[in-house]
Amino acid sequence: MSQDAPSSAEEKRFFGRLREGLAKTRNQLTSGVGNLLLGEKEISAGALEDLETALLTTDVGVETTRAIIDELTTQVTRKQLANMDALYAALHRLMTQRLARLEKPLKLASNTTQVVFFVGVNGVGKTTTIGKLAKRLMAEGRSVMLAAGDTFRAAAVEQLQAWGQRNNVPVIAQSQGSDAASVVFDAVQAAQARNVDVLLVDTAGRLQAKTQLMDELAKVRRVVQRLDPDAPHEVILVLDGGVGQNALSQVELFHEAAGVTGLVVSKLDGTAKAGVVFAIAQNALTESLPIYFVGVGEAEDDLRPFVADHFVRALLATDSESEAIS
Ligand SMILES: Nc1nc2c(ncn2[C@@H]2O[C@H](COP(=O)(O)OP(=O)(O)O)[C@@H](O)[C@H]2O)c(=O)[nH]1
Ligand SMILES: [Mg+2]
């Protein structure tokens with residue numbers, strides 16, 4: 001249906017997982033759209049209403065649905081859409097347009113050690129994302145170091161160390177319960193001394209101790225700035241794609257405490273909903289925040305840059321189309 005289909009075998013595998021993850025959402029949507037497409041070629045009077053209902057049940061959100069239906073209605077009224085196929089193509093285009101702004105590569109300077117914080121509530125996928133990104137950066141020829149700034153749970157430190165070992169990346173850690181700011185300070189110092197290109201900093205995400213958590217993030221930030229006033233160079237908030245529109249309240253919280261510069265949406269395999277991605281696209285707070293990467297699994301290759309066209313395609317593709325590209 002659209003221009004650049006995923007090309008390499010690896011991209012196809014990735015697209016396949018994204019498509020599987022969005023299957024539940026897609027089925028809700030295409031059972032609506034698919035039914036519309038069946039039989040009649042002409043755009044019937046009820047078609048747009050059915051499409052509206054289908055969009056609303058997918059967690060795309062009320063605002064997005066309204067905007068898309070309004071635009072499609074205008075195009076139908078002006079006779080710009082000849083048949084159901086054209087309506088479907090227009091839907092694809094409008095959805096992709098809404099998400100296009102979120103596409104932006106993570107660009108890290110190479111003149112100084114770049115410090116990248118990962119923030120987000122427990123269990124969203126911070127540590128896993130760090131592990132995957134470490135592998136990606138190394139494949140690009142960068143040297144990487146990890147900082148175990150989630151000092152609340154021993155398991156968190158061990159999990160990061162396991163990723164470090166797997167990728168042969170040094171991990172700066174102290175024992176559980178130690179001061180996160182001191183761990184991260186040491187790590188930045190070590191990374192700078194060894195001329196490491198990128199330091200990926202894991203942080204704790206216990207929301208039940210909100211004030212304490214936010215104070216701690218602010219402290220880690222201050223301490224790091226003593227070593228480099230420009231650090232952290234990026235603060236990446238990880239959101240769980242399965243949470244849908246609700247994930248947005250987390251953005252507000254972490255933005256205030258840590259000054260988020262970009263997002264990762266994890267777990268778009270499994271039972272992911274499209275909601276979080278559309279919610280990010282239309283929210284004032286997240287307006288300027290790109291989605292640097294999406295995660296579609298727990299393995300080290302399951303992290304890719306966000307591509308709006310691929311996302312919408314995984315969402316809208318009918319089964320025959322999906323088979324053709326996956
Ligand atoms: N299916 C799937 N699982 C993921 C993904 N990212 C992380 N996970 C899993 O989610 C759980 C929590 O991840 P973790 O990185 O420990 O979260 P953290 O508490 O934010 O550091 C782990 O079991 C991960 O393996 C993803 O993209 N897809
Ligand atoms: Mg963790």
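Q: What makes up the secondary structure of the chain?
A: This is a predicted model, and its chain comes to 13 helices and eight strands. Each helix counted is a DSSP run of at least four residues, each strand a run of at least two.

Q: How do you know that the span of helix 1 agrees with its number of residues?
A: Helix 1 covers residues 9-21, so its 13 residues at 1.5 Å a residue should span 18 Å; the end C-alpha atoms are 18 Å apart, which agrees.

Q: Why are some residues of helix 10 called buried, and which are they?
A: The label takes 20 or more other C-beta atoms within 10 Å of a residue's own. In helix 10 (residues 248-258), Q250, V251, F254 and A258 are the buried ones.

Q: What puts them on the same side of helix 10?
A: They cover an arc of only 100° around the axis, so they sit on the same side of helix 10. As a rule, an α-helix has 3.6 residues a turn, so residues three or four places apart point the same way.

Q: What covers the buried residues of helix 10?
A: The cover includes strand 1 (114-119), helix 9 (210-227) and strand 5 (234-240).

Q: What makes up the shell around ligand 1, by class?
A: There are 12 polar, five charged and three nonpolar residues. Gly counts as polar here. Of the 20 residues around ligand 1, G125, K126, T127, T128 and G295 come nearest. Helix 6 (residues 126-139) gives the largest share of that shell, three residues.

Definitions and conventions:
Residues are numbered from 1 along each chain as its sequence is written. Chains are lettered from A and ligands numbered from 1 in the order in which they are written. This is a predicted model: local features need pLDDT of at least 70, side-chain atom pairs count only at pLDDT 80 or more; totals for chains, interfaces and linings use all residues. A residue is near a molecule or strand if its C-beta atom, placed from the backbone, lies within 6 Å of it. The expected span of a helix is 1.5 Å times one less than its number of residues. A residue is buried if 20 or more other C-beta atoms lie within 10 Å of its own, exposed if 12 or fewer, and partly exposed in between; C-beta atoms are placed from the backbone. The arc is that of the directions from the helix axis to the C-beta atoms. Two residues are in contact if their C-beta atoms, placed from the backbone, lie within 7 Å.
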